[in-house]
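Visitor: I have a model to go through with you. Could we look at it together, one topic at a time?

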Amino acid sequence: MRRCGWPTLTGHNLAVLVEGGYGIVSVTPVDQFLWSPHVEVVALLERGRKRD
């Protein structure tokens, strides 16, 4: 999952996906544009994974 608008939109979308049966494996910030204050976020989700 790649999403702009972190943390508000990403947090909301991840919560919906977790409620729908997905588990968060990892979340990684990616600074694609060094001259910009914005950071992209890449999240790896797995269907049926339980929360740790």
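Guide: Let us begin with Trp-35, which lies in the loop between β2 and β3 (40-47). Strands here are DSSP runs of E with at least two residues, helices are runs of H or I with at least four residues, and both are numbered from the N terminus. This is a predicted model, in which local features need pLDDT of at least 70 and side-chain atom pairs count only at pLDDT 80 or more, while totals for chains, interfaces and linings use all residues. Residues are numbered from 1 along each chain as its sequence is written, and side-chain values use heavy atoms, with hydrogens and water left out.

Visitor: Is Trp-35 buried or exposed?

Guide: Trp-35 counts as exposed because its relative accessibility is 74%. The classes are buried for under 20% relative accessible area, exposed for over 50% and partly exposed in between, with a 1.4 Å probe and protein chains only.

Visitor: Which residues form a nonpolar patch on the surface?

Guide: Trp-35 forms one with Phe-33 and Leu-34, and together they have about 440 Å² of accessible area. Such areas come from the Shrake-Rupley method with a 1.4 Å probe, and for residues only the protein chains shown count as cover. Patch members have over 30% relative accessible area and no salt bridge; nonpolar side chains (Val, Leu, Ile, Met, Phe, Trp, Tyr) are joined within 5 Å, like charges within 9 Å. A salt bridge is a side-chain nitrogen of Lys or Arg within 4 Å of a carboxyl oxygen of Asp or Glu.

Visitor: And how many aromatic pairs does the whole structure have?

Guide: The search finds one. The ring centres of Phe-33 and Trp-35 are 5.6 Å apart and the planes are at 65 degrees, so the pair is edge-to-face. Rings of Phe, Tyr and Trp (its six-membered ring) pair if their centres lie within 6.5 Å; planes under 30 degrees apart are stacked, over 60 edge-to-face and the rest tilted. Phe-33 itself counts as partly exposed, at 39% relative accessibility.

Visitor: Different topic. Where is Tyr-22, and what is it in contact with?

Guide: Tyr-22 is in strand β2 (residues 22-30). Leaving aside neighbours within four places in sequence, Tyr-22 is in contact with Leu-17, Leu-45, Glu-46, Arg-47, Gly-48 and Arg-49. Contact means heavy atoms within 4.5 Å. Tyr-22 is partly exposed, with a relative accessible area of 28%.

Visitor: What does Glu-46 touch, then?

Guide: Not counting residues up to four places away in sequence, Glu-46 touches Gly-21, Tyr-22, Gly-23 and Val-25. Glu-46 is found in strand β3 and is partly exposed, with a relative accessible area of 40%.

Visitor: What about Val-42 and Thr-28: how far apart are they?

Guide: Val-42, also placed in strand β3, is 14 residues from Thr-28 in sequence and 5.3 Å from it in space, C-alpha to C-alpha.

Visitor: In what order do the elements of the chain run?

Guide: From the N terminus on, they run β-α-β-β, with one helix and three strands in the chain. Buried residues make up 13% of the 52 residues.
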